[in-house]
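Open the model in your viewer and keep the sequence panel beside it. The tour goes from one selection to the next and says what is there.

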Amino acid sequence: MRSATLILAELALILFTLTFTRAYNNGVGRAPPMGWNSWNLFACDINEQLIIETIDAMDSKLKKFGYQYVNIDDCWSLKSNRDPVTNEMIPDPVRFPRGIKFLADYAHSKGLKLGIYSDVGDKTCQGYPGSANHYEIDAKTFAKWEVDYLKLDWCFVDDAIKAEPWKYYGRMSARIKQYWSSHLLLNLQLVGLGVSKPHEWAPKIANSWRTTGDINSSWKSVLEILDLNKPLWKYSGPYAFNDPDMLEVEVDRPPNKLTIDESRTHFTLWCMLNSPLLLGNDIRRLDDQDRKWAKDIITNEEVIAVSQDPFVKQAQLLYETKVGTFNQSGACTSSNCTWIEVWMKPLQKTQTIAVAVYNRAGLNIKDPKFKAESANIIWKSLGLEEDLKLSVRDLWAHSDKGSFQKEYTTDKIAPHDVRLYSMSGSGWNRK
Ligand SMILES: *[C@@H]1O[C@H](CO)[C@@H](O)[C@H](O)[C@H]1NC(C)=O
Ligand SMILES: *[C@@H]1O[C@H](CO)[C@@H](O)[C@H](O)[C@H]1NC(C)=O
Ligand SMILES: *[C@@H]1O[C@H](CO)[C@@H](O)[C@H](O)[C@H]1NC(C)=O
């Protein structure tokens with residue numbers, strides 16, 4: 001009991017700190033933003049019609065589950081130049097003939113929000129005009145267009161920006177506060193933890209910040225990013241999120257594609273990580289029969305509730321069960337192996353936690369050295385008293401499992417699959 005109380009008191013303190021002294025609280029986005037972004041599937045192949053259809057699809061299929069943002073990524077502006085008179089960025093007149101304000105108005109008319117993209121350096125990653133030396137005019141322009149989200153990338157940055165990224169991102173952030181103070185979520189893209197430890201300074205100037213390199217739709221990429229985010233839980237809280245990058249559920253971009261189980265695991269863990277939940281798939285086709293599995297994953301309300309929980313805490317890896325011998329790339333070198341991870345996220349409702357268990361297994365899902373495994377969730381390892389009675393609910397299956405003491409044994413979890421439980425009881429207190 002004491003360890004549980006300690007952990008929870010510590011969490012409460014961190015929550016307090018983040019809320020009142022660190023987070024860039026501009027009144028929107030207390031919980032992680034939910035929406036869609038054009039990059040993962042469409043890259044530069046974007047236009048007004050795609051965005052309108054995506055807004056319509058979000059309105060009819062996903063809004064009721066909490067998805068709100070339709071975010072346009074790179075390649076939306078005129079590549080060659082800014083407006084020679086005003087110095088504003090110009091929406092590509094062929095692909096976005098009615099401009100960005102038109103799309104923002106359209107999104108707002110449906111009760112949704114529109115996001116836009118720029119770069120803290122000279123050019124965007126695809127070579128379009130960046131915001132360097134134009135922070136003031138760009139913040140004004142985005143305010144005029146009434147966009148709701150800005151992803152500010154990290155390409156073509158000069159040595160000065162590289163040396164003090166917080167200064168340059170901070171300038172743009174200040175301009176945004178000045179012109180568009182209370183409506184815009186700011187997301188910083190900083191590639192590579194080693195470069196500048198964005199989590200140490202970004203919470204003061206942005207709502208979310210990339211913590212790793214780019215995700216792709218491979219299991220290896222999901223695991224790599226997950227591992228890098230493990231130690232960062234304490235930097236996440238209301239209005240301030242580590243960004244392990246956008247979702248790859250049903251994003252078919254050869255040579256990679258996550259399996260259904262891997263997609264479910266990826267989605268679960270991103271909910272646990274307090275990550276922005278930005279879909280990357282073609283949501284216009286979400287009702288196609290062969291994509292029903294993806295809709296089932298991204299619209300599971302009990303799982304989404306873990307992401308959107310008002311306590312707004314990032315999960316921690318509590319323990320792993322790793323049996324057998326492994327080489328450096330995680331391959332099993334004995335006759336068989338087990339590798340299971342147990343993650344815990346405290347929830348707002350007192351005495352309730354979310355527990356995710358996934359079968360990490362080997363990188364290759366068909367590796368015969370790994371099997372479907374059941375796992376023991378042990379109260380002591382969660383920091384709880386053994387005699388505590390906890391009711392366990394399976395949030396993917398929508399079923400109550402009953403009330404347990406000391407431990408709960410899961411059913412068999414296939415390699416790369418996951419279970420997500422809410423566990424609640426009485427007898428332990430959170431300060
Ligand atoms: C995807 O990411 C993994 C992990 O970083 C990397 O090894 C792989 O080369 C990437 N694949 C593609 C197609 O970018
Ligand atoms: C680990 O083992 C796998 C499978 O045998 C192999 O492909 C990989 O190169 C090994 N990695 C290292 C670092 O030895
Ligand atoms: C798994 O490996 C261990 C030793 O590494 C061995 O004792 C056990 O019999 C193996 N189990 C199976 C099912 O192969």
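**Stop 1: ligand 2**

Select ligand 2 and the residues around it: Asn-327, Gln-328, Ser-329 and Ala-331. A residue counts as near a molecule if one of its heavy atoms lies within 4 Å of it. This is a predicted model, in which local features need pLDDT of at least 70 and side-chain atom pairs count only at pLDDT 80 or more, while totals for chains, interfaces and linings use all residues. Residues are numbered from 1 along each chain as its sequence is written, chains are lettered from A and ligands numbered from 1 in the order in which they are written, and side-chain values use heavy atoms, with hydrogens and water left out.

Which residues have side-chain atoms in polar contact with ligand 2? Asn-327 has a polar side-chain atom 2.3 Å from an oxygen atom of the ligand. In Ser-329, a side-chain N or O atom is 2.5 Å from a nitrogen atom of ligand 2. A polar contact is a pair of N or O atoms within 3.5 Å; within protein, one must be able to donate a hydrogen and the other to accept it, and residues adjacent in sequence count only if both atoms are side-chain atoms.

**Stop 2: ligand 1**

Now select ligand 1. Around it are Asn-216, Ser-218, Lys-220, Ser-221, Glu-224, Pro-255 and Asn-256.

The peptide bond that joins Pro-254 to Pro-255 is cis, with omega near 10 degrees. Pro-255 is in the loop between strand S7 (241-243) and helix H11 (260-272). Helices (H or I, at least four residues) and strands (E, at least two) are DSSP runs, numbered from the N terminus.

Next, select Tyr-239, in the loop between helix H10 (219-229) and S7. What is phi of Tyr-239 near? The value is near 70 degrees, which is positive in a residue other than glycine.

**Stop 3: H10 and H11**

Select H10 and H11. Their axes are 11 Å apart and the packing angle is about 20 degrees. That makes H10 roughly parallel to H11. Axes are lines fitted to C-alpha atoms, for helices over the stretch in contact, and angles run from 0 to 180 degrees between N-to-C directions. Angles under 35 degrees count as roughly parallel, over 145 as roughly antiparallel, 65 to 115 as roughly perpendicular and the rest as oblique.

To see the contact (heavy atoms within 4.5 Å), show Trp-219, Val-222, Ile-225 and Leu-226 of H10 with Glu-262, Thr-265, His-266, Leu-269 and Trp-270 of H11.

**Stop 4: H3 and H4**

Move to helix H3 (residues 48-62) and helix H4 (residues 99-109), which pack at about 10 degrees with axes 10 Å apart. H3 and H4 are therefore roughly parallel to each other. On the H3 side, the contact is made by Glu-48, Ile-51, Ile-52, Ile-55 and Asp-56; on the H4 side, by Gly-99, Phe-102, Leu-103, Tyr-106 and Ala-107.

**Stop 5: H5 and H7**

Finish with helix H5 (residues 135-145) and helix H7 (residues 165-180), whose axes come within 9 Å and cross at roughly 40 degrees. That makes H5 oblique to H7. Residues in this contact include Phe-142 of H5 and Met-172 of H7.
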